[in-house]
Amino acid sequence: MRKEGSAISNSLYGPLDDVAGNAGYTGHPQRVGFFTDTTVCIGCKACEVACKEWNGLPDTDPDVLQLTGMSYDNTGALGADSWRHVAFIEQAAPVPHVHADGDGAGEDAATRWLMASDVCKHCTHAACLDVCPTGALVRTEFGTVIVQPDVCNGCAYCVSACPFGVIDRREDDGRAWKCTMCYDRLRGGLEPACAKACPTDSIQFGPLDELRAVASQRLAELHAAGEAGARLYGADPEDGVGGAGAFFLLLDEPEVYGLPPDPVVTTRDLPQMWRWAGAAAGVLAVGVAIAFAGARR
Amino acid sequence: MTEQLQVPSAEFRSYYGRPILKVTHWKEPNLPAYLVLGELSGALAMVGAVAHATGRRSLARTARLGSAVAAYGGGALLAAELGRPERFLNMLRVAKPTSPMSMGSWVLAAHSGLISAAAATEVTGLLPGLGAAAGAASAMTGPALATYPGVLLANTAVPAWHSSYRELPLLFAGGGMTAAGAAGLAASALRADRADFDAARRLAIVGALVESAAGYGLEVKPGPEGEVYRSGEGARMLTAARYLTLGGGIAALAARRSRAAALVSAALLAGGGYCAKAAVLRAGKESAADPRYVVESQLRDAGSG
């Protein structure tokens with residue numbers, strides 16, 4: 001049963017403690033998510049492969065089997081057929097001496113590699129779900145967001161609504177596709193394929209509350225070790241999407257990884273948008289009336 | 001702590017210049033034509049209701065028939081934009097207030113039904129009470145059908161659309177008036193029927209002013225969101241729209257005596273209306289394809305908030 005009309009403004013924007021409950025579930029399991037700690041990602045792409053294998057994703061992306069020239073990234077971006085995407089960033093970055101018998105304090109010119117496995121954020125306030133006109137996109141009992149392929153009519157509204165550019169329409173199939181956080185595996189008590197395959201535990205799966213605690217601790221460790229650029233992305237329930245179900249530990253600004261710096265769920269402004277449209281409808285009605293009021297016959 | 005104070009980078013940073021957002025699959029001519037037909041149907045329904053109320057029987061019939069045809073044409077274009085057109089009716093599977101497309105689908109369905117009933121009565125003379133009631137109700141659904149796409153486009157992550165939630169519905173309201181005015185001018189000129197010529201002319205002029213003002217509002221929008229309306233593909237279309245629409249308005253002013261001027265005005269207004277919608281689509285695509293628009297607008301908003 002859905003609970004209609006309960007705290008509607010809070011359902012559009014802001015922190016939300018019980019996201020599955022807000023969607024109408026009772027007695028549901030804990031909200032689960034991904035914590036992707038990019039500092040230990042080795043760029044092996046096992047997550048991409050495991051995801052493709054488990055979910056039977058076709059390799060119809062135009063970018064697949066092409067060399068992009070973007071370091072080791074030949075996947076390019078998340079899309080209808082790529083639900084995990086490992087980004088590779090090569091940066092010129094001076095590093096402090098690490099040799100105990102070195103010739104004093106200083107810095108060496110060096111290249112650092114940032115590798116990060118991106119995925120659908122399973123937002124607390126998911127724009128794709130909000131705007132879906134058919135009800136094909138739904139919130140699951142785990143607090144995740146999935147597309148029901150038997151309902152989707154391929155209107156592509158979700159594609160433009162997603163502030164992360166995650167969901168996309170498969171051209172030969174006509175429907176929208178994205179990460180399901182392996183809903184079938186979750187139902188069977190298993191962790192998602194990408195997390196299972198990750199050899200370094202860069203991708204961690206579990207109850208979101210626990211992951212957030214783990215992430216805070218890891219961040220504190222990194223800061224203590226002098227890694228000043230370390231930051232969490234998507235972990236804050238006060239952010240523009242009410243916090244993400246899949247969040248990240250990054251070493252540089254989000255846009256460097258191809259992530260939007262401060263995404264906001266578009267539906268936040270929806271009430272205001274309708275007011276302006278209502279006013280414009282009034283302008284139309286008044287305009288027609290004015291045209292006729294003084295017209296000769 | 002070996003924390004290094006880094007000077008913030010002056011130039012925006014990105015992942016190999018790749019888009020952050022996905023670029024919409026909506027395309028020309030389907031989307032702009034759908035918007036034009038929706039406006040036209042909505043405004044003509046309003047015209048039909050006013051004509052009916054003021055005893056302009058012939059105009060009421062023509063306007064309602066035209067409105068019905070435009071509504072069905074719009075529905076067909078909408079279905080053609082779907083990845084799975086055969087599932088068009090899934091649009092009416094749920095009613096979702098958070099989805100402008102769901103609300104719009106219901107408005108389109110209601111409007112099509114109402115205006116069809118009103119038009120059927122106009123043609124057959126049957127059930128006049130019911131037809132009149134449906135026609136009056138279509139004066140409510142009509143303006144909603146014309147302006148809801150402003151919310152449809154704005155309620156996305158596309159910078160050029162989301163930031164324009166004030167201007168877009170007004171652009172479409174003005175477009176409804178110019179489309180209906182153009183239809184009236186053309187019909188009057190072709191039929192050599194002067195009866196309602198003056199009302200069509202006035203509607204075209206008011207619409208041209210509103211539409212141009214909304215277009216100007218897009219163009220002067222500050223920041224990266226306005227840039228795509230000032231330069232590039234979208235801007236070129238928007239400029240074309242302005243010349244066509246204002247030209248159409250001026251021709252309507254001159255159309256008092258000339259049938260040729262009326263036809264020219266109708267053609268210019270129709271072209272201007274289409275170009276304005278195409279401009280919005282192109283500007284939206286540009287602002288989604290270039291990560292700079294996303295990064296700069298978000299960093300600005302985060303900085304000010």
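This is a predicted model: local features need pLDDT of at least 70, side-chain atom pairs count only at pLDDT 80 or more; totals for chains, interfaces and linings use all residues.
Q: What percentage of the residues of chain A count as buried?
A: A residue counts as buried if 20 or more other C-beta atoms lie within 10 Å of its own. Chain A has 297 residues, and the buried part of them is 50%.

Q: How far apart are the C-alpha centres of domain 1 and domain 2 of chain A?
A: The domain assignment divides chain A into domain 1, residues 8-264, and domain 2, residues 268-297. Taken over C-alpha atoms, the distance between their centres is 43 Å.

Q: Which strands stand at the edges of the open sheet of chain A?
A: This sheet has four strands in the order β10-β1-β12-β11, with mixed pairing. Neighbouring strands are turned by 20 degrees against each other on average, direction ignored. An edge strand has a single partner, so one side of it is left without a neighbour in the sheet; in chain A these strands are β10 (203-207) and β11 (231-233).

Q: Which residue of β12(A) does Tyr233(A) stand opposite?
A: β11(A) pairs with β12 (residues 246-250) of chain A in the antiparallel sense, over three bridges. Opposite Tyr233(A), the residue in β12(A) is Phe248(A).

Q: Which helix of chain A packs on the sheet, touching β1, β10, β11 and β12?
A: Look for a helix whose direction makes about 135 degrees with that of β10(A). It spans residues 208-224 of chain A, and its name is α8.

Q: Which element gives the largest share of the side of chain A that touches chain B?
A: The contact takes 61 residues from chain A and 72 residues from chain B. On the side of chain A, the elements giving two or more residues are α4 (127-131), α5 (157-161), β8 (168-169) and α9 (270-293). By class, that side has 38 nonpolar, 13 polar and 10 charged residues. The largest share is 17 residues, and it comes from α9(A).

Q: At what angle do the axes of α9(A) and α7(B) cross?
A: Two packed helices are described by the angle between their axes and the distance between the axes. The axes of α9(A) and α7 (residues 197-219) of chain B come within 8 Å. Their crossing is right-handed, and its angle is roughly 145 degrees.

Q: How many nonpolar residues are in the contact of α9(A) with α7(B)?
A: From α9(A), the contact includes Val283(A), Val288(A), Ile290(A) and Phe292(A). From α7(B), it includes Leu203(B), Val206(B) and Val210(B), along with Arg202(B). By class there are two polar and one charged residues, and the nonpolar count is nine.

Q: Is Lys22(B) buried or exposed?
A: Lys22(B) is found in the segment before α1 of chain B. Leaving out residues up to four places away in sequence, Lys22(B) touches Val159(A), Cys162(A), Gly165(A) and Asp168(A). Because Lys22(B) has 26 C-beta neighbours inside 10 Å, it counts as buried.

Q: Which element gives the most to the side of domain 1 of chain B that touches domain 2 of chain B?
A: The domain assignment of chain B gives domain 1 (25-155) and domain 2 (157-305), with centres 20 Å apart. The contact takes 25 residues from domain 1 and 24 residues from domain 2. On the side of domain 1, α1 (30-53), α2 (57-80) and α4 (128-154) of chain B each supply at least two residues. The most, 11 residues, comes from α1(B).

Q: Is Lys45(A) buried or exposed?
A: Most residues other than glycine have a negative phi. Lys45(A) has a positive phi, near 65 degrees, and its place is in the loop between β1 and α3 (46-55) of chain A. With 22 C-beta neighbours inside 10 Å, Lys45(A) counts as buried.

Q: What form does the peptide bond from Glu28(B) to Pro29(B) take?
A: Most peptide bonds are trans. Pro29(B) lies in the segment before α1 of chain B. For the bond from Glu28(B) to Pro29(B), omega is near 0 degrees, and the form is cis.

Key. Residues are numbered from 1 along each chain as its sequence is written. Chains are lettered from A and ligands numbered from 1 in the order in which they are written. Two residues are in contact if their C-beta atoms, placed from the backbone, lie within 7 Å. Ala, Val, Leu, Ile, Met, Phe, Trp, Tyr, Cys and Pro count as nonpolar, Asp, Glu, Lys and Arg as charged, and the others, Gly among them, as polar. Domain bounds come from an automatic or database domain assignment. A residue is buried if 20 or more other C-beta atoms lie within 10 Å of its own, exposed if 12 or fewer, and partly exposed in between; C-beta atoms are placed from the backbone. Two strands pair if DSSP finds at least two bridges between them. Axes are lines fitted to C-alpha atoms, for helices over the stretch in contact, and angles run from 0 to 180 degrees between N-to-C directions. A crossing is left-handed if the near helix is turned anticlockwise from the far one by less than a right angle, and right-handed if clockwise.
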